Amino acid sequence: MQVYNINLDQTKKETTQHGTMDYPLAIYTTQISKNVLGFIDWHWHNELQFCFVTEGIVSFHVNNNEIIVSKNQGIFINSTQLHQASNYKDNDSSYICLNVHPDFISSFPGSLINDKYIQPYVTNTNIEYCFLSYDIDWQQSILDDLLLIYKEYEKIMSFIYWFIYFKFGIY
């Protein structure tokens, strides 16, 4: 699924709901040129964001930093960081985006996992983003897992569309 226009409030917070409280994860494919502005405008959200570039080269900006991310590379953008994305030097670029609410991995507020391992990083304003490359083993693992999650998601969505079409005749 691609979002063609990001709705923002007066603080530039994205108002799109990424997933639900029952399943706080959303997966998107983004072809930058298909966005109504031709780029992804400045915005922020509470969700952690993982992007994997599938085509071209993307210029991500996180706060005052420009990060150039090529095909088969990625970026992690921490919660509440102001960011935007655009094609780099007129490439028609695409990327997969996974947005996950910190609560999805933190257990519950007040838990040891949340207090010791999640909140100190999610709320640390010095941790804005992390560039991800296949050149470093732990980053390669993350990129491989992002692709695996995306492929499984695509299988599930294909099954759901198939089921709805054949069960109800709707597509």
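Residues are numbered from 1 along each chain as its sequence is written, and side-chain values use heavy atoms, without hydrogens or water. In this predicted model, local features need pLDDT of at least 70 and side-chain atom pairs count only at pLDDT 80 or more, while totals for chains, interfaces and linings use all residues.

Biologist: Which residue in β9 is the bridge partner of Phe-76?

Modeller: Strand β6 covers residues 74–77 and runs antiparallel to β9, with four bridges joining them. In β9, the partner of Phe-76 is Cys-130.

Biologist: How much space lies in the largest cavity?

Modeller: On a 1 Å grid over the protein atoms alone, a cavity is a set of points where a 1.4 Å probe fits but cannot get out; lining residues have an atom within 4 Å of a point. Grid points are joined across faces, edges and corners, and a volume is the space filled by probe spheres set on the points. Its lining has 17 residues, with Ile-6, Thr-30, Ile-40, Gln-49 and Tyr-95 nearest the centre. The space is about 190 Å³.

Biologist: Is Ser-93 buried or exposed?

Modeller: Ser-93 sits in the loop between β7 and β8. Beyond neighbours within four places in sequence, its contacts (heavy atoms within 4.5 Å) include Thr-30, Glu-55 and Asn-87. Buried means under 20% relative accessible area, exposed over 50%, partly exposed in between (1.4 Å probe, protein chains only). Because its relative accessible area is 0%, Ser-93 is buried.

Biologist: Which element gives the largest share of the lining of the largest pocket?

Modeller: A pocket is an open set of points with protein on both sides within 12 Å along at least five of seven lines. The largest pocket holds about 320 Å³ of space. Elements giving two or more residues to its lining are β3 (48–55), β8, α1 (103–106), β9 and α3 (137–168). The largest share, five residues, comes from α3.

Notes: Pairing = 2+ DSSP bridges.
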